[in-house]
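Please read the following report alongside the sequence and the structure, which are shown first. The text then turns to the packing of the chains.

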Amino acid sequence: MANVIEVKNLTKEYKELRAVDDLSFEVRQGEILGLLGPNGSGKSTTINCILSLLNFQKGEIQIFGQEMKPDAYSIKRDIGVVFQDVAVFEELTVYENLNYFCGLYVQDKETRETYIDEAIALVGLEEFRKFRPKKLSGGLLRRLNIACGIAHKPRLIFLDEPTVAVDPQSRNNILDGIKMLRDRGATIVYTTHYMEEVEMICDRVMILDKGKVLAQGSCDELKKLAKIEEKVTVEVAKLQEAILEKIRALKHVEEVKYEDGVLSVVYRAGTNNLVKLIDFLETEAISYSKIYSERPTLNDVFLELTGKELRD
Amino acid sequence: MTVFKAFLKVLNQCKGTVILYSVILIVFGALNMQTNDNSTNFVASRPDVLVINHDEEKGITKELISYLKKNTEFIKVEDSEEARNDALFYRDVNYIVYIPRDYRADVLAGKNPEIEIKSTGDYQSYYAQLLLERYMKTTRNYVDICRAEDGSVDETALLEQVKSTLKKETAVETTSKLDADKLGRLSRYFNFMNYGLLAGAIFTICMVLASFNKEVIRRRILISSMKRRTHNRLLLLSNALFAVFLWAAYTVIGFILCGTEFFATKQGIAYMANSFVFMFCAVTIAFLLANLIQNKEALNGIINVIALGSCFLCGAFVPVEYLPDGVLAAAHILPSYWYIQNNETVKTIETWNFETVKPLLVNMGVILAFSVAFIILANLLSGRKRENA
């Protein structure tokens with residue numbers, strides 16, 4: 001599969017701060033690459049450098065096999081960007097906003113009208129064509145923001161945290177739309193600090209921290225880095241220290257915590273760990289209200305790699 | 001066309017404010033035109049005078065009263081000194097003349113009797129004093145001449161001589177062929193247009209540019225496939241078109257209000273040229289402000305300060321001749337000063353040649369120099385912003 005973006009040794013510094021540190025990666029055609037990292041990890045700075053919105057000290061950036069520069073207008077024609085902040089005119093209606101932003105790429109009026117109708121349908125704003133942004137809810141506004149970035153049918157789309165402060169219904173709508181764009185052949189770079197979203201839509205994930213790539217691969221590949229197999233959580237009213245010691249002594253148990261009536265047991269390996277723990281609790285005549293098992297998350301991966309939570 | 005259409009849509013949101021500024025211009029401009037500018041008209045002044053005669057009203061004394069009555073307004077006041085003083089205090093009377101007992105006899109005898117007066121001290125009272133002194137000096141001169149010739153005075157012949165001398169007046173003729181009144185009104189309207197152009201053009205352009213220059217919008221434009229220069233050029237052209245429209249509308253309104261006959265005259269063309277140059281300057285100020293400030297509320301306040309401040313300091317609201325020298329000296333640093341100076345000059349030009357037009361061209365040159373300075377500053381600021389990115 002051909003590379004749509006190739007970034008080599010990208011370095012961006014703000015006075016004392018190195019926001020992006022010798023970063024190298026590529027984005028393959030037709031994939032959704034997730035850039036995952038906490039706030040300040042360099043995700044947005046990397047995107048702004050790729051788009052030539054920011055100068056950078058070192059590195060090479062190629063898009064569609066050509067060097068990306070501020071005046072590379074032929075490349076820009078095929079790029080769409082959805083910024084974290086809503087970037088629309090408050091004075092224009094939904095349709096007028098789309099007409100203006102699409103008009104910056106598509107001169108032919110009829111083609112533009114077709115594209116705008118398709119973009120409106122994609123984000124589900126058909127009923128709001130004549131609404132001004134002030135009349136739209138936060139979720140609808142985000143959808144308009146996305147529509148403005150993709151109305152001209154770009155081959156490469158950057159989505160910079162498009163679901164921040166969006167209600168669950170709108171979030172699902174937005175994520176479905178992004179998958180639809182990928183299915184239509186677009187390559188997508190998606191930055192977020194919501195790991196659930198990354199797991200839902202990304203084909204490949206790159207974890208960033210302090211401007212460096214910590215790890216990259218598919219979600220399953222990354223989860224293997226977490227070095228834990230399973231996490232079992234039990235809601236139990238009372239537990240003696242002696243019982244906790246016995247649990248710690250069980251096979252494959254990595255860590256045991258008991259706080260506020262919640263017992264958390266982390267297994268580093270093994271199979272049927274949940275069943276074995278249930279048997280142990282019954283043997284010890286310990287009653288519990290709820291018990292469930294979780295596979296490791298990307299947050300666990302991040303914790304393993306950096307020693308801190310993604311949302312810290 | 002996409003940029004122009006978006007410009008018009010954003011502009012449409014400012015229409016309320018533009019209409020408000022236009023209404024202010026028309027209403028206050030029209031009110032301002034009602035004030036009369038008499039700088040080129042001549043009207044003889046008649047002071048209010050009260051004569052208290054303690055002498056017999058005949059001969060020289062009678063003629064003095066008659067002369068004063070002819071050239072002043074005689075006022076009746078209650079016969080008490082307190083009432084006279086009150087009349088002076090309230091400016092009901094400018095000048096009170098007390099003709100002493102035996103005034104006539106003393107003059108004929110060659111004496112120089114003293115006439116007591118009371119005065120408000122204003123220019124009207126000086127004129128009354130002038131009349132009184134003129135009569136007294138003329139009479140005394142003839143008495144002296146008669147007495148020197150044959151030692152006696154024929155009062156009837158003397159009064160004939162005095163009357164004939166005092167009849168002589170200097171004729172004042174206004175030579176201007178301009179309708180000074182109408183031209184003055186037009187000049188005051190164009191002075192007032194300083195406010196309309198500054199407030200209207202700067203407000204609208206700044207508000208529209210603030211929308212287009214919003215950081216998030218600017219970034220979206222920058223990453224688009226439309227060249228930045230092309231976009232800026234289209235935006236500049238849209239703003240220029242709006243400014244020309246505003247100027248044309250205000251100019252046409254001015255000629256309708258003040259006299260359409262001036263439209264094709266040299267004066268009319270000069271007013272139009274001057275205001276067009278000033279409109280260009282207002283556009284450059286708008287570009288500079290839009291580069292400096294992004295916050296719309298702050299912009300609104302600053303625009304009002306600039307528009308109203310310029311108008312008050314430079315003589316758009318208050319005639320230039322009433323402004324203190326210090327204020328006018330400070331106003332030199334504002335383009336409005338040179339614009340208003342030109343309007344004031346245009347109404348006085350009788351003969352149009354290079355020498356008379358030269359001051360207008362110089363002032364327009366100064367306004368254009370201001371515009372160039374604002375453009376350079378705006379470019380420096382936007383360049384610095386790009387570098388900081």
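How many residues has the largest nonpolar core, and which residues have the most contacts inside it? The largest nonpolar core has 150 residues, and those with the most contacts inside it are A:Ala147, B:Ala201, B:Ile202, B:Cys206, B:Ala282 and B:Ala286. A nonpolar core is here a set of buried Ala, Val, Leu, Ile, Met, Phe, Trp, Tyr and Cys residues joined through C-beta atoms within 7 Å, where a residue is buried if 20 or more other C-beta atoms lie within 10 Å of its own, exposed if 12 or fewer, and partly exposed in between, with C-beta atoms placed from the backbone. Helix H8 of chain B (residues 180-212) gives the most to this core, with 19 residues. Apart from this core lies another, of 20 residues, among them B:Val49, B:Val93, B:Tyr95 and B:Ala128.

The model is predicted, so that local features need pLDDT of at least 70 and side-chain atom pairs count only at pLDDT 80 or more, while totals for chains, interfaces and linings use all residues. Residues are numbered from 1 along each chain as its sequence is written, and chains are lettered from A and ligands numbered from 1 in the order in which they are written.

Helices (H or I, at least four residues) and strands (E, at least two) are DSSP runs, numbered from the N terminus. Two helix pairs are set out below, with axes fitted to C-alpha atoms over the stretch in contact and angles running from 0 to 180 degrees between N-to-C directions.

| Helix pair | Angle | Axes apart |
|---|---|---|
| H3(A) (residues 94-103) and H5(A) (residues 138-150) | about 25 degrees | 8 Å |
| H3(B) (residues 59-71) and H6(B) (residues 123-150) | about 145 degrees | 10 Å |

In chain B, the residues B:Ile60, B:Leu64, B:Tyr67, B:Leu68 and B:Asn71 of H3(B) meet B:Leu131, B:Tyr135 and B:Thr139 of H6(B).

Between the chains, 21 residues of chain A are in contact with 18 residues of chain B, and H3(A) gives the most to the side of chain A that touches chain B, with five residues.

Technical notes
Two residues are in contact if their C-beta atoms, placed from the backbone, lie within 7 Å.
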